Amino acid sequence: QVQLVESGGGLVQAGGSLRLSCVVSGRIFMINAMGWYRQAPGKQRELVATLASGGSTAYADSVKGRFTISRDNANTVYLQMSSLKPEDTAVYYCNAAIRRVVTSAPSIYWGQGTQVTVSS
């Protein structure tokens, strides 16, 4: 059973910082890529940042220069969020493209989400 578990969300004032973490557990062969998405009330889920296995990153225009995605070992990804704005308020979800065995194609897995609330 593959699980993604996020942590680090909370309430912060505008201009503050938070760091989200996402840990992948379970028997896997390889993580091809990991990313963070968010969904604000009444809006569709949107891409925030991605990190490929080779190290390349991509960010939504709205967070460039403020958020940084990183990975410190094989199974944990972080999202460092700085200069937070009220419009960053959302549930943040981690996702990963995972190959469970060497012969399988990658499948997408999602975490349960962590709430980030930025007060003005």
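Is V102 buried or exposed? V102 is exposed, because its relative accessible area is 52%, where exposed means over 50%, buried means under 20% and partly exposed lies in between, with a 1.4 Å probe and protein chains only. The model is predicted: local features need pLDDT of at least 70, side-chain atom pairs count only at pLDDT 80 or more, and totals for chains, interfaces and linings use all residues. Residues are numbered from 1 along each chain as its sequence is written, and side-chain values use heavy atoms, with hydrogens and water left out.

**Surface patch**

- V102 lies in the loop between strand 9 (90–99) and strand 10 (107–110); strands (E, at least two residues) are DSSP runs numbered from the N terminus.
- Together with F29 and M30, V102 forms a nonpolar patch on the surface, and the three residues share about 260 Å² of accessible area.
- Patches are made of residues with over 30% relative accessible area and no salt bridge, with nonpolar side chains (Val, Leu, Ile, Met, Phe, Trp, Tyr) joined within 5 Å and like charges within 9 Å.
- Accessible areas come from the Shrake-Rupley method with a 1.4 Å probe, and for residues only the protein chains shown count as cover.

- An open sheet is formed by four strands in the order 1-3-8-7, with antiparallel pairing; two strands pair if DSSP finds at least two bridges between them.
- Strand 1 (3–7) and strand 7 (67–71) are at the edges with a single partner strand each, so one side of each has no neighbour in the sheet.
- From one strand to the next, the twist averages 15°, taken between axes that are lines fitted to C-alpha atoms, with angles running from 0 to 180 degrees between N-to-C directions.
- In a regular strand the side chains alternate between the two faces of the sheet.

**Strand 8 and its partners**

- Strand 3 (residues 18–25) and strand 8 (residues 76–81) run antiparallel and are joined by six bridges.
- On the strand 3 to strand 8 pairing, R19 stands opposite Q80, and the bridge partner of S21 in strand 8 is Y78.
- Five of the six residues of strand 8 are buried, so the strand is mostly covered.
- T76, in strand 8, is buried, with a relative accessible area of 10%.
- Leaving out residues up to four places away in sequence, T76 touches C22, V23, S70 and R71, where contact means heavy atoms within 4.5 Å.

**S56**

- S56 sits in the loop between strand 5 (46–52) and strand 6 (57–59).
- With a relative accessible area of 48%, S56 is partly exposed.
- T50 and L51 are touched by S56, not counting residues up to four places away in sequence.
- S56 and S70 are separated by 14 residues in sequence and by 10 Å in space, C-alpha to C-alpha.

**Salt bridges**

- Side chains of opposite charge can pair when their charged atoms come close.
- Four salt bridges are found in a search of the whole structure; a salt bridge is a side-chain nitrogen of Lys or Arg within 4 Å of a carboxyl oxygen of Asp or Glu.
- R38 and E46 meet through their side chains in a salt bridge of 2.7 Å, N to O.
- R38 counts as buried at 6% relative accessibility, whereas E46 is partly exposed at 37%.
- R38 also forms a salt bridge with D88, with the closest N and O atoms 2.9 Å apart.
- D88 is buried, with a relative accessible area of 1%.
- Through shared partners, salt bridges join R38, E46, R66 and D88 into one network.
- D61 forms a salt bridge with K64, the closest N and O atoms being 3.1 Å apart, and D61 counts as exposed at 65% relative accessibility.
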